[in-house]
Amino acid sequence: MADTTGNTTASQVGESATPSTPRKSSWKYIGPGIVVAATGVGAGDLVATLIAGSSFGYTLLWAAIVGCLVKISLAEAAGRWHLSTGRTLFDGWASLGRWTTYFFAAYLVIWGFVYGAAAMSSSALPLQALFPDVMDLKWWGVACGLVGLVFVWFNKYAVFEKVMTVLVGVMFVVTVYLAIRVTPNLGEAFAGLLPVLPDEKDSILNTLGLIGGVGGTITLAAYGYWVNAKGWTDTGWMKVMRLDNRVAYATTGIFVVSMLFVGAELLHSANVAIASGDKGLIQLTDILEAEYGAATAKFFLIGFFATSFTSLIGVWHGVSLMFADFVARYRRGDEAKGKEIAAGTRERSWPFRAYLLWLTFPPVILLFQGQPFRLIIIYGVLGAAFLPFLAGTLLWLLNSGRTPSEWRNGWLSNGMLVLAGLLFLILCVKQIWDQPWSEFF
């Protein structure tokens, strides 16, 4: 059972605080950051940025960049916790009390069930558009889920990282190509770096939504697990982790800024609106084909698939690692836990594979029968609450005796985490307020 007293033993702190040879922050080590960038930027994020560009032009470019900075602070804090303490994030949460366990358990079960269907459907959309006569959208979704299951089941982190890197390369080439193709107005783009709000109703909430929507939710918490899976397990890797994390969100920034350029030039100037959600990208495909030809449209669909499928296999791998750790807290002592991280056995454990199956097979029901209304409301509430939970608990953990004094938060980290917590708390309240509760009961 995890220690829920909130105390860290002297041996734990002493061991984790023992100086280890610092590795130079070198590009050759980059890996987990690429994975978190690929997983965190899904089709929905690209559509949200497109809509921001189509509605406000370049005005909210600064907000997209602030969103990247906020997420850098969250992922860095998660990685620093793993490296400085030798303990996983769930182990830290468990030390704060049983309430964290109850929240995380409910989140994993409900979120995984609904997200599985959403990820499969998102990956299926570009495939059906590329090969319309092969099979129905639902069967494309099932195929994507099964491919993700088989790939993650039979491959360890090293292979997983290589495949994610290739898919990120595809995403990068496609989004940057589109941004150049639409010929952005660089003067207006630079003006968009000034923190100005649009003269529109609800502009503050729209701006906060764009900031909060850049680059992932639970994948930020999974970052520390990917850091451990890479073999980074002590403070000697701290500089490397920080470089890796910055590369992650620089990459994310390029993705979202590129799509904002596309929205501003291709949609805003022509006063064209697209739907929210993944289907907005299918609409964009039709617009691209009309403006630039079938080849550009198909090229975009390939990038759309890479964006969606990296999110699918990233969650299949990263959140399954978290679930395996969740189960391990109640089955092993501290010494065995440390060995488990070092040996990388979580990817072969039964909890890891059980959660993989949970992400793949039960959601197929939602693909074929529609999504139960009440479940979607609960999913929305839990999803909105996760980032305030993550920011708040990281503030708690990294300012307490659970973290060696050398690696506790400084003023900048605390400021960014407080900003993140307040931002996501406002968005959480808004999302809960906007739920159709009258239809729930």
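Modeller: Start with the overall count. Of the 441 residues in the chain, 56% are buried. Buried means under 20% relative accessible area, exposed over 50%, and partly exposed in between (1.4 Å probe, protein chains only).

Biologist: What are the ground rules for this model?

Modeller: This is a predicted model, with local features needing pLDDT of at least 70 and side-chain atom pairs counting only at pLDDT 80 or more, while totals for chains, interfaces and linings use all residues. Residues are numbered from 1 along each chain as its sequence is written, and side-chain values use heavy atoms, with hydrogens and water left out.

Biologist: How many helices and strands does the secondary structure come to?

Modeller: The chain has 20 helices and zero strands. Both are DSSP runs, numbered from the N terminus: helices are H or I with at least four residues, strands are E with at least two.

Biologist: What makes the pair of Phe 104 and Phe 326 tilted?

Modeller: The structure holds 26 aromatic pairs. In this one the ring centres are 5.8 Å apart and the planes meet at 55°, so the pair is tilted. The rule covers rings of Phe, Tyr and Trp (its six-membered ring): centres must lie within 6.5 Å, planes under 30 degrees apart count as stacked, over 60 as edge-to-face, and the rest as tilted. The pair links distant parts of the chain, with Phe 104 in helix α6 (residues 98-130) and Phe 326 in helix α14 (residues 294-328), 222 residues apart.

Biologist: Why is Phe 326 called buried?

Modeller: Its relative accessibility is 14%, so Phe 326 counts as buried. Phe 104 is at 0%, so it counts as buried too.

Biologist: What makes the pair of Phe 305 and Phe 309 stacked?

Modeller: The centres of Phe 305 and Phe 309 are 5.3 Å apart, with 15° between the planes. Both residues lie in helix α14, four residues apart, about one turn of the helix. An α-helix has 3.6 residues a turn, so residues three or four places apart point the same way.

Biologist: Is Phe 305 buried or partly exposed?

Modeller: Phe 305 has 21% relative accessibility, so it counts as partly exposed. Phe 309 has 10%, so it is buried.

Biologist: How do you know that Glu 76 forms a salt bridge with Arg 242?

Modeller: The closest N and O atoms of Glu 76 and Arg 242 are 3.0 Å apart. A salt bridge needs a side-chain nitrogen of Lys or Arg within 4 Å of a carboxyl oxygen of Asp or Glu. This pair also links distant parts of the chain: Glu 76 is in helix α4 and Arg 242 in helix α12 (residues 238-268), 166 residues apart. Glu 76 is at 11% relative accessibility, so it counts as buried. Arg 242 is at 26%, so it counts as partly exposed.

Biologist: Which salt bridge does Arg 329 form?

Modeller: Arg 329 pairs with Asp 325, the closest N and O atoms being 2.5 Å apart. Arg 329 has 1% relative accessibility and so counts as buried. Asp 325 has 0%, so it is buried as well. Elsewhere, salt bridges that share partners join Glu 76, Arg 80 and Arg 242 into one network.

Biologist: What makes the side chains of Ser 122 and Ser 308 a polar contact?

Modeller: They are 2.8 Å apart. A polar contact is a pair of N or O atoms within 3.5 Å; within protein, one must be able to donate a hydrogen and the other to accept it, and residues adjacent in sequence count only if both atoms are side-chain atoms. Ser 122 and Ser 308 are 186 residues apart in sequence, and 5.9 Å apart from C-alpha to C-alpha. Ser 122 lies in helix α6. At 7% relative accessibility, it counts as buried.
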